[in-house]
Structure formats: C-alpha cells, structure tokens
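Dear colleague,

Please find below the structure that I am handing over to you. My findings follow directly after it.

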Amino acid sequence: MKLEFPEGFYFGSATSATQCEGGEENDGRGKNIWDLWYEEEGYKFHGAIGPGITSAFYQNYKEDIQLMKQTGHNSFRTSISWSRMFPEGFGEVNEKAADYYRSLFLELKENGIEPFVNLYHFDMPVKLQELGGWENRKVVDYYKEYAWTCFNLFGDLVKHWFTFNEPIVHVECGYLQGYHYPCKVDPKAAVSVAYHTALASALAVKEYHSMKQEGKIGIVLNLTPAYPRSSHPEDEKAAKIAELFQNKSFLDPAVKGIYDPELVALIEKHGLLPTVSKEDLEVIRQNTVDFLGVNYYHPFRVCAKANIPNPAAPFMPEYYFDIYDMPGKRMNPYRGWEIYPRGLYDIAVNIRDNYGNIEWMVTENGMGVENEGRFKIEGMIQDDYRIEFYKEHLTWLHKGIEEGSNCIGYHVWTFVDCWSWLNAYKNRYGLVELDLENQKRTIKKSGYWYQELLKNNGFET
Ligand code: BGP
C-alpha cells in the first residue's frame, strides 16, 4: 500500500547555525555561550571538539544546497546566529553576516527550497549572557530588536519564521539540571528564564505581524508526550504534571496566549512566581503563533513518586513524578532515548483536539548513531535502521493527517552530519555522511531512500 502525503507537503531537513556554520573566525561573528563554555571548561563530554569545527556550512552552503536539491528537498530549516548578526548582541548589524544570510536564503529559493528560519537555537551571545541572559528582562528587548532586524532584512525571502527552538531545553538544561551553560541549578532563575522566553517569542510575533510581510511565524517545541505507567489515578496524576511542565509550559502561552492555572498554582506553591507586568502578560495573550514546529524524538514514561521528595532540595518538576523505566521499551542505545513512533500520532491528535487544530509541522525527527563508519559497504553507510525509523514515524504521522490533524510538513534531523551540544560528532544523524577531516560529503543509504520518498511524495509500506 502506498502512503501518500498531501499535495505541497513540506519535506526536507533541519539544522541550526551553531551546529553547522563554523567558528567566530567567519567574518566577525561574536561569541555565543557555547564558544565560551568550551573555552572555559574544555570539552567535557566527547573529545575536544567545540562548535568551531563543523561542516563549515558558512563556506559550503552552495554545495550542500545542491545536494539537498538532488535529494528533492522542497524546504529546509536553519537558524540565524544572533551573535553573528550582532556580535555584541545589539547595536550595529554585522553587514557581512547580513550578506551571508541573504545569499543563503536566495540560494535556497533559487533552487526551489523554501527556507524555514529560526531566530534562536540555544545560542545566547556572550555579551548578553554577561548581563544575565534570559534572566534579564532587558535581554527580551534586545531579542525583539534582533528579530525585527531579521524580518526587515530577510522578510522578502523568508516566509516561514520560528522564534525559538525548544525553549524548555535551555530552561531545564541551563538552569535546573546544570548541564548546558550557564550550568545553574536555580529554580527561581529557571522560571524567570521560561517566562522571559515566552514573552520574547510573543514580542517577535507581534513585531512580525505588525510588519505585514504575508508570511507565517511560529515556535518550535520539543513535545514529549508523558505516558503514565498505569491507569492508577496516582500514575495518571504524575503524567499530567509532567505534561504541564514539559509541554504545556510553552505550548499554552504560544498557541493560546495563557498559562494553565494548575501550572501557575504549582509554581506559586513553591514560591517561584516571577515578577510580571500586566502589559507583558497582555503581549503574551494577544500574540499567539500562526503555526507550530514540533521536534519529536522520544516520549516520557512517568509514574507516581516512590518516595516523598526532600522539601529542602532545590525544586525540580520531578518533585511530582518519577521517570518510569518501562520494561521492554525499544531503545536507541546510543542516545539513550526510547523509540516510540506512535508518539507522533498522539501529538497530532493532541494538537487537533486541544489546540484548535492549528497548522503544524514536524521540525525535527531523527536517529543518532555512534560510530556509523562500521556500517559502510563499498563507500556507503548502510543505515537501514534509520530508514525503518523514518518509515515508522511517517506511518503514524500519516495516520494523524488522515484523521484530520493539520500537519503541513516533515523535516528530518539532519541533512549533513552535524556537531552536537553535548556529544560533538559521537552520534551521527545525517542523511549525508560528513568526513570532518577533508569536508567530504557522502550520501548514506537513507539519503537515497529519502530521495525516493520525496520524488513520490510518499512510500510503499
Ligand atoms: C534537539 C535539538 C537539536 C539536535 C537534536 C539531537 O533537541 O534541537 O539541536 O541537537 O536535538 O540531539 P543531540 O544532538 O543532543 O543528540
């Protein structure tokens, strides 16, 4: 049976500026927090490869766009580097950066590839982090200026914008769990960062709409369905609270303009509510997104807490639930993430039923694999596991679309193997293999499979 996607469905791939462009030596890019972290602490995780060493998309974008064209991409997402556009975070635009992004978006368009452009992918300029980053309300205004500048300079070419990628990640990893810069464990700061990010997103939406550029603006969220261990009310309650923190904390303000009262009550109970002005809350209420990007990698399995949490420990969402290690779950052993393709269908149904069936697309879905060179035969990586992964996810997505969910596209993570935040080049995700040493690209078996999929706008099951 052939699974066919709707006409005009956006198929392509995604990356982000820091993960593919290369270092600050490129035409005056200012440092972002990832450069700083590597300089300060070295690379703690997998060797000493920092964000300076990448597929050098800054230099190689024309070649990569030809490869995308060859595989039939009709769309592609990347991000703009804030510290490339504004090395200080604000002030004078770096003209070379503006020229680069214009040529990039033009090149994409000339090759029939629709650019989807994100403004912020974890990469706070160092100069603004020195002012407190997202903890500081002033940085929200600098972001608004940066967003306006991008719309103004590139809005004729770019008709699909995103304000943020996975904002919950910088909240959790940067301010609660301490493993993204600035590596804090500070619940009060985490709440204020979350709030300022939602506000910044709404302000960018407001600016964009006021400019009347006839495009769309959305936000990319890593929706992670939280499934309870059982139908026991305590397990279900735990899963509901996990959903509140993990998904609804950004989904509700972005799409509905409000915060769930239960979430607010929980945060208040722990004395963590930030100071907010009526005007800012009104900005969030009035400036909801036009469409949604969803990154999906894995679900959450959740159960009721086994032990009473220590009230003296810093507050974590996990105060209310435990992560349940479900026996028999399918794992990607390299990334430690469960593989659960049906999650994509559940997301599709949730958006349809609870978020006004807003237009949305899959902005990331992919499988990272360690040491992929061992799967090479006659020069090509035989990544059948990745093809299976995509087929299964697309099958569930297709079912969601058939049942009325308003999904307009699907982007894999990623096209050319890219640098990753915590594991550099350990896990490879690409449809195209990158030989870092000589910058050579070789299409993997999954790349050729994707080419067929795109040619046929679907595949045989
Ligand atoms: C998402 C990020 C991407 C990318 C991906 C894969 O959360 O938006 O930037 O990195 O995850 O994850 P990782 O690189 O950590 O394996």
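**Strand 13 and its surroundings**

Strand 13 and strand 17 run parallel and are joined by two bridges; strands here are DSSP runs (E) of at least two residues, helices are runs (H or I) of at least four, and both are numbered from the N terminus. Two strands count as paired if DSSP finds at least two bridges between them. Tyr410 in strand 17 is the bridge partner of Val362.

Please note that this is a predicted model, in which local features need pLDDT of at least 70, side-chain atom pairs count only at pLDDT 80 or more, and totals for chains, interfaces and linings use all residues. Residues are numbered from 1 along each chain as its sequence is written.

Strand 13 (residues 360-364) also pairs with strand 8 (residues 291-295), in the parallel sense and over four bridges. Within this pairing, Trp360 is the bridge partner of Leu292, and Glu364 is that of Asn295.

These strands belong to a barrel that eight strands close in the order 2-3-4-5-6-8-13-17, with parallel pairing. On average, neighbouring strands of this sheet are turned by 25° against each other, direction ignored. Axes are lines fitted to C-alpha atoms, for helices over the stretch in contact, and angles run from 0 to 180 degrees between N-to-C directions.

Helix 14 (residues 384-402) lies across strand 13 and strand 17 (407-413), and runs at about 170° to strand 17. Contact means that the C-beta atoms of two residues, placed from the backbone, lie within 7 Å.

Is strand 13 enclosed or open? Five of its five residues are buried, so strand 13 is largely enclosed by the rest of the structure. A residue is buried if 20 or more other C-beta atoms lie within 10 Å of its own, exposed if 12 or fewer, and partly exposed in between, with C-beta atoms placed from the backbone.

**The protein as a whole**

The secondary structure comprises 15 helices and 21 strands. Of the 461 residues, 49% are buried. Among contacts between residues at least 6 apart in sequence, 77% join residues at least 24 apart. The C-alpha atoms fill a box of roughly 60 × 55 × 45 Å along the principal axes.

**The ligand**

Around the ligand there are 15 residues, of which Asn165, Glu166, Gly368, Ser420 and Asn427 come nearest; a residue is near if its C-beta atom, placed from the backbone, lies within 6 Å.
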